[in-house]
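Please study the sequence and the structure before reading each solution.

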Amino acid sequence: MANNLAFAALADPTRRAVFERLADGPLPVGELAEGMPVSRPAVSQHLKVLKEAGLVTDRAQGARRVYQIDPKGLGQIRAWLDRFWDEALEAFRAEVERETQDSEGEEP
Amino acid sequence: MSQTIKPAAIMKSFTVRATPEKAFEVFTRGFDRWWPRTHFIGASPLKEAVLEPGVGGRWFSRHEDGSEQMWGDVLVWDPPAHLVVAWRISHEWGYDPNLHTEVDVHFTKVGAEETRIDFEHRGLERFGDSETADKTRAGMKTGWDLILQSFKAVVGG
């Protein structure tokens with residue numbers, strides 16, 4: 001499932017170019033945007049999508065944010081679990097409320 | 001540049017229309033009634049998902065071929081307010097008794113028939129500790145290359 005998200009995130013050619021530059025090593029947004037045919041805000045937007053897909057991570061370095069490919073692939077595991085728990089907990093909520101309604105219905 | 005990245009814990013908060021007692025009961029003894037049937041480990045389809053009551057209680061599944069798969073065990077059992085369960089299923093979808101991630105759930109009464117659930121799955125960085133993770137790390141660069149190659153093939157980039 002995480003792979004599907006990763007694939008969707010990489011389907012955009014510009015985003016793929018951003019990702020490929022990070023594959024060579026960590027970079028701050030400013031340096032990433034240099035040499036790209038799109039604006040810095042656009043690069044930031046692409047990074048946001050890549051981050052949500054678990055493909056890259058970021059961290060503060062002084063006043064800058066440095067982006068890099070998640071070195072352990074933990075981002076993918078996390079992204080998978082995050083969506084998985086959404087699904088499981090929604091099922092839990094539905095079951096609790098169904099049972100609560102049922103027991104209310106049984107009251108005289 | 002080589003500092004370890006620690007993935008943030010997964011946190012979910014929501015309310016359910018039920019008392020904390022009911023919510024705790026359904027989450028634990030009623031575990032099998034809501035756990036998605038699509039999510040199980042092992043080769044055989046899921047028959048029953050079980051969360052045994054009490055500290056040390058087993059969290060496991062029974063399968064149609066009669067086999068059982070351990071998932072983890074109960075660390076904190078404080079009904080109806082608090083539950084912590086160790087999730088010991090690795091990212092390779094196998095049980096690893098040495099893997100320690102925690103699923104922590106608080107049940108807080110916020111109304112006559114309303115409970116806030118504060119859910120947290122933490123310790124995710126430990127997925128990186130297992131032996132298989134070393135192989136995963138080693139294969140990462142190759143993996144990305146393959147993903148990108150298949151993309152280029154599909155998209156024509």
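**Exercise 1.** Which residue is the bridge partner of B:F60 in β4(B)?

*Solution.* The model is predicted, so its local features need pLDDT of at least 70 and side-chain atom pairs count only at pLDDT 80 or more, while totals for chains, interfaces and linings use all residues. Residues are numbered from 1 along each chain as its sequence is written, and chains are lettered from A and ligands numbered from 1 in the order in which they are written. Strands (E, at least two residues) and helices (H or I, at least four) are DSSP runs, numbered from the N terminus. In β4(B), B:F60 has B:M70 as its bridge partner. The two strands concerned, β3(B) and β4 (residues 68-78), pair in the antiparallel sense over five bridges; two strands pair if DSSP finds at least two bridges between them. Four residues separate β3(B) and β4(B) in their hairpin, and B:G66 in the turn has a positive phi of about 90 degrees.

**Exercise 2.** Describe how β2(B) is joined to β3(B).

*Solution.* Begin with the bridges: five of them join β2(B) to β3 (residues 58-63), and the strands run antiparallel. Next, identify partners in β3(B): B:R62 is the partner of B:E48, and B:H63 is that of B:L46. Finally, inspect the hairpin, where six residues lie between the strands and B:G54 takes a positive phi near 95 degrees.

**Exercise 3.** In what order do the seven strands of the sheet lie?

*Solution.* The open sheet of chain B has the order β1-β7-β6-β5-β4-β3-β2, with antiparallel pairing. Its edge strands are β1 (10-16) and β2 (46-51), each of which pairs on one side only. On average, neighbouring strands are turned by 20 degrees against each other, direction ignored; axes are lines fitted to C-alpha atoms, for helices over the stretch in contact, and angles run from 0 to 180 degrees between N-to-C directions.

**Exercise 4.** Across which strands does helix α1 of chain B lie?

*Solution.* Then locate α1 (residues 20-28), which lies across β1, β2, β5 (82-87), β6 (101-111) and β7 (114-122) of chain B. Helix α1 runs at about 155 degrees to β6(B). Here, two residues are in contact if their C-beta atoms, placed from the backbone, lie within 7 Å.
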